[in-house]
Amino acid sequence: MNQAIRNSWIVAITLFALLFGSISYVQFFAADALNKNPNNNRQLIANFCSNRGPILVSGHPIAESVATDNDCKYQRKYNDPYLYAGLTGFYSLGNGQYGLEEAMKEDLAGTSNDALFERIAQTFTGAKPQGRSVELTIDDSIQKLAYSMIPDGVAGSIVVMNPKTGAIIAMASKPSYDTNLMASHDSSVVAKAYDELVQTPSINLFGSPAFTQTYAPGSVFKLVDTAAALESGKYNKDSVLANPAELAFPGINYALPNYRYGQCYSQTTATFKFALENSCNTPFASIALDLGQDAITKQAEKFGFNDSSVKIPMGVETSRFPGSTGVLDPPSLAQSAIGQLNVTATPLQIAMMTAAIANDGKQMKPNLVQTVRSPDLKTVSSLTPEVLRQSTTPAIAQQIKDWMVSVVDNGIASGAAVPGVKVAGKTGTAEVANNLNNAWFTGFAPADDPQVVVSIVMPNVDVATGALLTSPNASKLFKAVLKK
Amino acid sequence: MSQLATVAKPRRNSELLLLVLALGVGVMANALVNLNLGRTFDNDFYIQTAVLTVLSLAMHVSLRFRAQYADPVILPVVVALNGIGLAVIHRLDIVTGDNAGPRQWLWTTLAVAVAVTVIWMLKDHRILRRYTYISLVLSVALLLMPLVPGITAGDVNGATVWIKLGPFTFQPGEIAKITLAIFFAGYLSSNRDLILLAGKKIGPLQLPRAKDLAPMIVAWMASVGVLVFQHDLGTSILFFGLFMVMIYVATSRVSWILIGLVLMAVGGTAAYKIFPHVARRIDVWIHALEPAYIDAPYGSGQVVQGLFGMANGGLTGTGLGQGSPQGVPLANSDMIVASIGEELGLVGLFAIVCLYALLVARGFRASLGTRDAFGKLLAVGLSFAVALQCFVIIGGVTRLIPLTGLTTPFLAAGGSSLLSNWIIVALILKISDAARRPINVSDGPNSERQREVSAV
């Protein structure tokens, strides 16, 4: 009998050994995977209530955690919520996490793997756990200026960036919303605000439409055609392009007309300079038909189209040429080449393309984050300019730059001029429904030593309003940035 | 039956020393809860400390008088577990606003009072052998109670195992665990010779006679009945395991184990095929981490939240009061192991499992040492039941096996479980007293007891 008791004891001990094994598995071997499981909201709740690091702009916090006296110990507070909603996003419990709050969550919460030593130090020194601070490349006054330039009721976006570093100086858009409501600890407040948000057209929770929304770029895309033409070797700066009033296509009842507000109708041939100054359609449509779809696609991709990997650190919506359609028929290719139909771009993409031309063909990686600092103010990481790709040769970039200068000096972007500064620019007007247009301006200054790129889109406006909201505002932004 | 040489020392002073340490564990855990949750020491703290101290000392003093030679480790282990349980339940009360803490120490008081009564009133564990068949009737009655209209508490969390007693609910199956163990021990110790000698031999296997199979069939029916009518897989496994180990120890025959495993496999497979809730349990266990199962009603949400909590605790835990175990459903009862794993970490949970292993080891030691077959069987059955119960619930929480609703002995909030486990401890203490008592003690306060026993 005692032998049987001993054998039973072995069984019992085996059961306990199995428990040691399963506890070790859950709390040690699988712990990391379980903590990162997408269904696990424990980290989320912990971060929500903890002292997360501030997001700083020009030295002032635009988002900070403020101590409360309830169980959820810190409340996230946004100091200029409407101005920065598209960048900061928000961190809610039940309605998602967006923008920098999501993209930088590990640094802000101090939970990233390389913050381990900070956490250990906090344990021993007794300091309250605190996240890292994130300082943005944004300039507060430029951001405010840009935001004020977008009238209420127009879902416009403005991107200002440094072409040499890729640092984003301002990224403003309207409509905006109050991120403080979304960060409330009162879930009914959040739910109500969220319902309003998702019903408001043009508000994108993932961030400012400047990098999350694509628009038909219109004539701004002609810069791609120009680069493709020069790159092909078939064209040079003196090439004479056909400039018919309309481009007809055999067999179908469609003809592509020239831009009706410029001087295009005054002559039937054109140089690049003339075609760009007046934004004539038919020369560029002809170039695209001549070079073929692949050549245009290749050049567009060199400027950053069809690239889904860009992060600022939030993911940037992919700009596309051609859209989902595979092979374009000639009329579609012609229309796409002038920025309509099968081509879409984010305002940030247009700024990046412009920055590449400004920066001798070198496209810099765009970024919003200047410095990440640990709670004791040590720099953890700071922005190092990074070349994304060579978009075109320095010679071609210089040539396009010269033409863009004359677009401002002699052409239809004259409103962007700044006295005493050489400004390069290009406008665009993409037709949308009901006689309304997406009005674009993109350009940089000073042309000889580019310091700042400005890209503006004002969607769904009439031509007069569009002209008023784009080039003149760009001029003001150039002045404001260059004055600093 | 072989005898083990035991040191004939009462060891009550060792017990007192260990008891102080055990009380320290519980009281300090409770103090940490108050400190970490930023509270001053509230009434709950002082009441719990006082209650736990008085109850432990009452048990200790009772043992000094009525079971002088009882194993000195068992009581401190149980007090430590009960104390940690009270602290964790109190900790969860603070954040959830629940009132489980006071209920738990009330039940602890009742359970220890009953255990003390058992120590004082039960002069020798062998007296229980008289009630072999009464225990069987009692077991069946207790098991049927939750199915009787009028007193049943109905379906609670998918199982029909509760009855209503005024404002309280009670799980009679917890007590049935003890009465069944008494019945099996009594029946097997009386009939083991018959069972051992009769029957055909096929190869190395000695097959039992059909009539000797009767109690096994009874046990099997009780287990399957609990599963089918009460939807309680955990208790079903517990009863069957209890019986298997007792019949194996009684006969030392592997053939019984094989027959038992076959019956279990047949019953289990049939249950899986016939009853959707059993199949569902298995499905939920296998696919626990898939979102569709996490969000489903009766899905894996509970066990997965428990796993997330334990993972959050990691090796050393967040510290008492610093985690968020309240995110797990039933955090203070079925899932208390996950709550402890989160706040005390892998280290803390290992310590808890070690305490259980120690408790079970001392129970087995009592079984080895005691001289009568009934005592051996009862001790081994009750000890193994504790081990199996720990395995089923902790294994379920850590997803080693499908989660079933058994309580974690002494830790989980719940009166029936506390009551039955304290009675089990009292019985094991009594048996260990008999095991360690020198044979020729004739004077002292226990001489009267010796005479009475011989008259049985």
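Two strands count as paired when DSSP finds at least two bridges between them. Keep that in mind for the first close-up; everything here comes from a predicted model.

**View 1. Strands S16 and S17 of chain A, side by side.** S16(A), residues 437–445, and S17(A), residues 452–461, run antiparallel and are joined by 8 bridges. Look for A:Phe444, which sits opposite A:Val453 in S17(A).

View 2. Zoom out and you get 5 strands in the order S6-S5-S17-S16-S15, with antiparallel pairing. S6 (168–173) and S15 (424–431) of chain A are the edge strands, each pairing on one side only. From one strand to the next, the twist averages 5 degrees. Helix H20 of chain A (residues 471–483) packs on this sheet and touches S5 (157–161), S6, S15, S16 and S17. The direction of H20(A) makes about 155 degrees with that of S17(A).

**View 3. Helices H2 and H4 of chain B, packed together.** H2(B), residues 43–66, and H4(B), residues 100–121, have their axes 10 Å apart and pack at an angle of about 10 degrees, so H2(B) is roughly parallel to H4(B). Among the residues that meet here are B:Leu55 and B:Met59 from H2(B), and B:Trp105 and B:Val112 from H4(B). The contact divides into 12 nonpolar, 5 polar and 2 charged residues.

**View 4. Where chain A touches chain B.** Chain A puts 28 residues into this contact and chain B puts in 42. On the chain A side, H1 (2–29), H2 (31–36) and H3 (42–49) each give two or more residues. H1(A) supplies the largest share, 18 residues. By type, the chain A side has 17 nonpolar, 10 polar and 1 charged.

Notes: Residues numbered from 1 in each chain as written. Chains lettered and ligands numbered in written order. Predicted model: local features only at pLDDT ≥ 70, side-chain atom pairs only at ≥ 80, totals over all residues. Contact = placed C-beta atoms within 7 Å. Helix = DSSP H or I, 4+ residues; strand = E, 2+ residues; numbered from the N terminus. Nonpolar A, V, L, I, M, F, W, Y, C, P; charged D, E, K, R; others polar. Axes fitted to C-alpha atoms, helices over the stretch in contact; angles between N-to-C directions. Parallel < 35°, antiparallel > 145°, perpendicular 65-115°, else oblique.
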